[in-house]
Amino acid sequence: MRVAVIDDEKIAGQLVKRVLEQEGFEVEFFQAGKPFLVRMRQNPFPIVFIDLQLPDIDGLSILNEVKKIHEDSEAIIITGHGSVETALDATQKGAFHYIHKPCKRHDIRLLASRAKERIELRKENKRLRLAMGKDNLVSGFVGASPAMQKIFALIRKLAMVNCNVLLQAETGTGKQMVARAIHALSPRKDHPFIYFNCGGFTEELISSELFGHEKGAFTGASKTKIGLLEAAEGGTVLLDEIGEMPPSMQVTLLNVLQERQIMRVGGTHHIDLDIRILAATNRDLQEAVKKGDFREDLFFRLNVVGLHLPRLAERQDDIPLLISHFIDKFNRAFSKEVKGVSPQVMDILTAYEYPGNVRELENIIQRAVALADSERIQLRDLPSRLQKFAEQQADDAEQMMPLEEVEKRHIATVLEKTHYNKNLASVILNLPRTTLWRRMKKYRLFQSEDEADND
Ligand SMILES: Nc1ncnc2c1ncn2[C@@H]1O[C@H](COP(=O)(O)OP(=O)(O)OP(=O)(O)O)[C@@H](O)[C@H]1O
Ligand SMILES: [Mg+2]
């Protein structure tokens, strides 16, 4: 993979170049912005290391140009002392990361390899998106991960056979989407798809809703009402939260499934039904059967085929696709033109656990698109729980460092707290003064440049 390094300081730039070459990158080194941009236009570099302070053009303008020339290029900003804010500004403008001078070999390697990974991931996503375009299950149903591809294949199969299906999966994983897809791809597609949530209703209400009632069946039944099952004739019914069905209704439902007939409340004759029943739950129904909360015979009737949807965190490949799908969706809804998410936000959104699964991701993107005031969604557009998560991630990353770095930081802290009193510092650290001095030189921990020369 080709990398450009732009730095007016020859020695610093050469160091970066050498380290990257050892890692197998093909590196071109530029000491000014203009010649780099000429080359970039001829043949875009996927990865660029840009020094913020250059003699001819400033680093941020170069970053801007790079993104214009080739949006997918990953830029890493090299900063001198005291320009952390500009560096942060750069990451908001689409830089992938920044690195402080003097650049450490370890950091150079790490950032280059992460940039490379991102580029490869994006290529892979593009490929999948193309593949998906050709092989769209139903519009708006996104899933390119192997797990979802398997489910799409199963949905296609199930659409063609008229069996009951039980969808068991965590909340927000897409159970209703699956049910709608099965219906939409089935020969029943031109007949109704009816959704009924069994949770939170009394038995009487469920009966009346599902089976309808005859005029005068009970006080207040002033006219005949057609129930949902009858209304679904020829089509598909999704019974959601089936685990919440009251026990007596479970018996009635079992009968309906066996006989394929219903009787309206207060009615005297059976009505034949041609409907397909799909049921969904986010409870563990086997467990409910064991506990005696759910009838085993009904469970087997419903569960002719069981379909389980994986949690979103278990199919990370789908996350970038879902993000762009939801950005499109909410751009349209809110008349906005958000182009994507910042690299930092992408890292956070792919690492997050999503207890609320796809619905939670959808809500996060909806909010972020509504709030975004730049082209890319930034960390500040995410809800506070994700911002906290980002901080935690950063802390964790901090902790993963070589022992030497720990030593260096600890010595630096003690020196600062003792105002660079080397006697005191050596006592606290329990190091002979000469050893402390050697470490200070090794890690360049001086109060001033003068001090370094003092030795
Ligand atoms: N694969 C997917 N592609 C696009 N959108 C999805 C996908 N999966 C879920 N969604 C969206 O996420 C939201 C939740 O999906 P859905 O209602 O199907 O989940 P559910 O499993 O039925 O959740 P619950 O158990 O809470 O009822 C919906 O807005 C749906 O459009
Ligand atoms: Mg649902």
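1. Tyr420 lies in the loop between helix H17 (403–417) and helix H18 (422–429), where helices (H or I, at least four residues) and strands (E, at least two) are DSSP runs numbered from the N terminus. In this predicted model, local features need pLDDT of at least 70 and side-chain atom pairs count only at pLDDT 80 or more, while totals for chains, interfaces and linings use all residues. Residues are numbered from 1 along each chain as its sequence is written, and chains are lettered from A and ligands numbered from 1 in the order in which they are written.

2. The phi of Tyr420 is near 60°, a positive value in a residue other than glycine. Most residues other than glycine have a negative phi. Tyr420 counts as partly exposed because 16 other C-beta atoms lie within 10 Å; a residue is buried with 20 or more such atoms within 10 Å of its own C-beta, exposed with 12 or fewer, and partly exposed in between, the C-beta atoms being placed from the backbone.

3. Tyr354, in the loop between helix H14 (343–351) and H15, also has a positive phi, near 50°. Tyr354 is partly exposed, since it has 19 C-beta neighbours inside 10 Å.

4. The peptide bond from Lys101 to Pro102 is cis, with omega near -5°, and Pro102 belongs to the loop between strand S5 (97–100) and helix H5 (105–134).

5. Around ligand 1 there are 17 residues, of which Thr171, Gly174, Lys175, Gln176 and Val358 come nearest; a residue is near a molecule if its C-beta atom, placed from the backbone, lies within 6 Å of it. H7 and helix H15 (357–371) are the elements that give two or more residues to this shell.
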